[in-house]
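Colleague: I am new to this structure and would like to go through it by question and answer. Please show it first.

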Amino acid sequence: MTAGTLAKWRVSPGDPVSQGDIIAEVETDKGLIEVEVFETGVVESLLVEEGAKVPVGTPLAEIATVSVPASVSAPESAPESASVSAPASVPGRIISAGSSEVDLDGPMASPAVRRRAHELDVSLQGMHGTGDHGRITLDDVEGPAPPAPSDRVRISPYARRIASERGIDVRRVHGTGAGGAIRASDVLSAKVPAPGKPVSAAERMQRAIAAAMTRANDEIPHYYVEHAIDMGNALAWLREVNASLSVSERLVSGVLVLRAVARALHKHKKLNATWQGAEAVPSEEIHVGLAVSLRGGGLVAPALRNTNEGSLSDLMARMIDLVSRARAGALRSSEMTCATITLTALGERGVDSVTPIIFPPQVAIVGCGATAERPWVVDGQVVPRPVMHVTLGADHRVSNGHQGARFLSALDRLLQDPEKL
Amino acid sequence: MTLDASRDHALELLRDMIRIRRLEEKSAELYSKEKIRGFLHLYIGEEAVGVGAMHALREDDNIVATYREHGQALVRGIPAGEIMAEMYGKANGCSGGRGGSMHLFSAERRFYGGHAIVGGGLPVAVGLALADKMKGESRVTACFFGDGATDEGEFHESLNLAALWKLPVLFLCENNEYAMGTALYRHVSDQDIANNPPAYGVHADSVNGMDVVAVERSVHNEAELVRETSEPRFLELKTYRFRAHSMYDAELYRSKEEVEEYKKSDPITNLEKRAMGDGLITQADIDAIEADAAKEIAEAVEFAEQGEWEPVESITRHTYARDLS
Amino acid sequence: MGEDVGRYGGAYAVSKGLLEEFGEDRIRDTPLCESTFVGAGIGAALGGMRPIIEVMTVNFSLLAIDQVVNNAAVMRHMSGGQFEVPIAVRMATGGGKQIAAQHSHSLENWYAHVPGIKVLAPATVQDAHDMLLAAVEDPDPVFIFEHQMLYGIEGPLDTETTPPSPWKAAIRRAGTDVSLIAYGGSVHKALAAAEELDKDGVSAEVVDLRSLRPLDRDTILASVSRTHRAVVIDEAWKTGSLASEISAILAEDAFYELDAPVARVCTLEVPIPYAKHLEEAAIPQVDRIIEAAKGSVGGG
C-alpha cells in the first residue's frame, strides 16, 4: 500500500485524546482500518480532509501534548500476501554521449580511414570520431559500428581467443563447425603471417599511400591542365629580398608558389573542396598540403594551415618547420588531415613536370617541375628564361578544364607580381 | 470468585501480563512509525495464556512457539530490549536481527522459536522431546500453537508420533477462535478441538485462557503429568485476541461488537479486579507495575535504537557452520 | 529413523540387521508421516542428537519439504547462529525400474537450490560409505541421494584410508576432447559412453560431481579448460536442472575456453512412463551421451 484515503475523522480540533484512542478511519485495499493515537493530549489541527487520498507517511493531525506537539502519520499497511513496499526507484537517467564538433567542413578522416569506410560501405557522415579534434579513426570505422550481418563471424569463444593471441584475423579463417562456425582447430591450422615481425611504420605508410592512390585512381576522373610559367620576375624579386636577409630567413621560390596557389584558390573555390561521397563541399579556409618526401621512401602531404595568411616570412618559417617535423615524424594529426589541396614540387629532382594524382578527398592537386632555363620568346626574341611547368590535376566531377585553365592563368599572374604575395 | 494465589504471586502474574501488554502496544506504535517492519502479530488479550503457562513450566523445559510469541519470549526471560531490537532487525536482537518479530530464538533459555509456518513447530517439538527421552532427561517440551494448526496434517502426525513413541510433549493449543481471518466453525469440522487428541490416545483438557490463575494451574498439572509419565498431553486454552491477526488487518471477518464483548474478559483487568477485591493488591501496586513497565519498555526501545545493523559483509555467516565460499 | 528401516530391514535393505544390532531405541520405524518424522529428526538434532533420517524415496520427500526448507535449512540463520541442525538424510532417487511417474523422480536440484543444506550424490560403493559418515559428522543438514539403480552394484571398499573430501568432484576417467559431467546414476553411463567414444578416437573425460551443493566449480572448470567441450548428463528434467546450473557456470567462468556450446543430456520433458521402451527413451542413455559428445567434438 502506498496511499490511503482518509475516510472519516473521529475527532475535531480541540478534542482531548488519550493514548490508544481511535482518531480516524483510513480506507485501504483491505478495508477500513482504524488509526490510533499514541499520545495523550489535545487535537490541535487536522491536516488532511475527509475523503482525501494521501501517500503513506503523510502527517494527518497535530496533537498538542504536555511538552511537545506530536503528529500522527498515515499508516502503512502490510497486506498478508505482499512484502513491504520499496521506495520508488529513481528513474534512470539517460546520459547521451556528447558528439564532438568536427570543425572542418566534412568529416575529418585520413585517406586510409576513408578507404576502409568505403570498403565497409560505412558512411563517415555524422560518425563520431575518437581521434584528435574529432578525427575519425580506423577503429571508429571498423569497431563500434556493427558490421553488416554478412560480416559477423561465427566462432567459438575459445577459437576467438587463440586467434587473438596469435594475431590471426578471424575473418580470414575457414570454419568447419556447425553452420560454418570457426573452431579452435580451424584457427590452429590457419596460415599465419610470420609472427614476431612487426610491420614497420614505413611499410604502414606505404600501404596507406597505396590505398589512397589506388582509390584516387579508381574513383576520381582526373583531367589535367598544364602551363609553363616564366619565373623571372619572381626569382629576381627573391634575390633582392634575400640580399638583406640572414641565411635562415631567406625565402625560397617554393614559398612563393605556395602562397600563389593559395591566393589563386580564392577565386577558384571549386578546386579547394572535399569530396563527400556524392558532392564536393567547398572549403572556406585554404590549407595547402605540401608533399614532402621522407627518408626511407615515404611521402606525406601535411597542410600549411591558412596558407594565404600571414607574411611570406611567416609562411617560410612555417614551411621549414613543417618539413622538418614531417621528416622527424612529428606532425600533428590535424596537419595530416586538413589539407584542401596539395602542392607537389619535384623541382629538386630535376624533372620538367609531374602529372600528379589527387589525394582524396581533395579535388585538385598542383604539381610543379623544376624551374630551369628555357628558350622563351620575349618581344619577338628567343631568350633564356627560368621556366617552371605547372600541372593542375583536378576532379572532373567538380571542375572542368576551362576552370582549371583559368586557375593556372591566375597562378601565373600572381607569380609575375611577387611583391603582392 | 476469589483468587487462589498469594499477594506476591498475584503481583508477579499481573506484572508479567502488563509487561506483555505494554510491550505489544509499543510494538504497534513502532510499527506505525516503520521502525518495525514485515509482519507483526500482537498478543493483546491473550496474555493470561503466555503468563500462566510460562510460570507453570520449569526454566529447563523446552519451548516451541508460533509467530505470536512475544509474550512467551518475554516471560521466559528474553530481555525486552533484545526482543525489541530483534523486531527492529538490529544485530543486538535475540536472533541477531536475522529473524524479526516472528522468529525470536534463545538457545540459552531453551526457546526454540518463533515459527511462521502454521503447524511447522509441532514436529520439531516432537523431536526435542525425543532427544530428551533418549538422553533420559526429565524435561517437558511445551509446544504452543493456535486453533489453525489443528487443521494441518502435522498436528495429527505429531500427536500420533508423540503418543506412539511416548514422548514428553505438552501440546498447548491457544484457541483464539480464528485462523487468521477464518472463524473456528468455518475451519474445523468438530468445533471441540479437544476431541482430536484422544483419537490418538492423547489426553486432552480445556481451560479458560483469560484466567491467568486457572491457566497456570492447568498447565502446571498437565506439565507435571507429562514429566512423570513421559506421555504427551494436550491442553486447549480458550482465549481471544483483541487486535487484528497482524497489523492493519481490516478485521472484516468479525464484528466490533464481538470484540467489545470479549474485551470484558480482559485478563489484566480481571486479575486486577479480583486481586483488589480479595484485598491482595492496591491501585498503588498497579501504578507501580505500570511505571516499571513503562520504564522497562522505554529502555527496551532505547536499546533497540542504539543497536547496530549487522554489516552486509557478514551476510553469508550462519548459512552453514563454516562459510563455504 | 524412517519408514521400514527396522523390522523390514530397509526398503532397499540398507539398514538390514541394524535393529538387531542396535535396538529399538536407536533404530526407529516411523509411521508414514514424512513431514513429522523429518521434523522430529530436526527437533532431535536441535536437542543434541545426530539422527540419520531415511526418507524412503525423494518422491515421498515432497511431503517433508516444508520441514526441510523452512526449518532445517534456515534454523541457523534465523536464530542468528544459536541453533544448528546436524541431520543426515538419505533418500533413494531416480528412475529406470518401471515404477512409473510417481516413483521415478530426480529432484536433487530442488534440494541443491536451497542455501543452508548440503547435497551429496554417491556413484560408487566407496562414496556411499564415505559420504554417509561425512554427513553424520557434518554440523549442517546433509541430504544424500542414492540412485535406486546403484543399490545393487558391487565395488571396492576401503575402510582404512582417510577418504577424500565429499565436497569435491572426482575425475573418473581422464580425457582430452570433451568433459562428460555427471552425478549419481548417470556416472556409469558416462563411463560406458567414454569407452565407446574412445574407439572412435574421441577422448572423453568423465567428471563425477559427487557434491551437488556445494558444486565443485574448480574441478568442473579445470576439466573444461582442458577439453574445451562439455556434455552434462543429468537424469532430472532439463528445465531448471543442475545441468542448467553447470551450463551457466561454464558460460560465466569458462566462456573463453569453450570450443562448442555446452550440451545437456537430460530426461525428456515428460512424466516418467511405465512401459520399458518409453522409460528408456525418456531417461538419458549411453547412446544419447555418445551422440552429444560427438556433436560437441564435431563442431557443436
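Predicted model: local features only at pLDDT ≥ 70, side-chain atom pairs only at ≥ 80, totals over all residues.

Colleague: Are helix H2 (residues 47-56) and helix H8 (residues 212-229) of chain B parallel, perpendicular or oblique to each other?

Modeller: The axes of H2(B) and H8(B) come within 7 Å and cross at roughly 40 degrees. Angles under 35 degrees count as roughly parallel and 65 to 115 as roughly perpendicular. H2(B) and H8(B) are therefore oblique.

Colleague: What percentage of the residues of chain B count as buried?

Modeller: Chain B has 11 helices and eight strands. Among its contacts between residues at least 6 apart in sequence, 74% join residues at least 24 apart. A residue is buried if 20 or more other C-beta atoms lie within 10 Å of its own. Of the 325 residues of chain B, the buried share is 57%.

Colleague: Which helix of chain C supplies the largest share of the side that touches chain B?

Modeller: In this pairing 34 residues of chain C are in contact with 36 residues of chain B. Helix H2 (34-46), helix H4 (65-72) and helix H5 (75-78) of chain C each supply at least two residues of that side of chain C. By class, the side divides into 13 nonpolar, 16 polar and five charged residues. The largest share, 10 residues, comes from H2(C).

Colleague: Which element of chain A has the lowest mean pLDDT?

Modeller: Chain A averages a pLDDT of 81, and 85% of its residues score at least 70. Strand E9 (residues 222-230) of chain A has the highest mean among the elements of the chain, 95. The lowest mean, 51, belongs to strand E8 (residues 70-73) of chain A.

Colleague: Which residue with a positive phi follows helix H1 (residues 111-120) of chain A?

Modeller: The buried residues of H1(A) include Pro111(A), Val113(A) and Arg114(A). After H1(A) comes a residue with a phi near 55 degrees, Asp121(A).

Note on methods. Residues numbered from 1 in each chain as written. Chains lettered and ligands numbered in written order. Axes fitted to C-alpha atoms, helices over the stretch in contact; angles between N-to-C directions. Helix = DSSP H or I, 4+ residues; strand = E, 2+ residues; numbered from the N terminus. Parallel < 35°, antiparallel > 145°, perpendicular 65-115°, else oblique. pLDDT = per-residue confidence, 0-100. Buried ≥ 20, exposed ≤ 12 C-beta atoms within 10 Å, placed from the backbone. Contact = placed C-beta atoms within 7 Å. Nonpolar A, V, L, I, M, F, W, Y, C, P; charged D, E, K, R; others polar.
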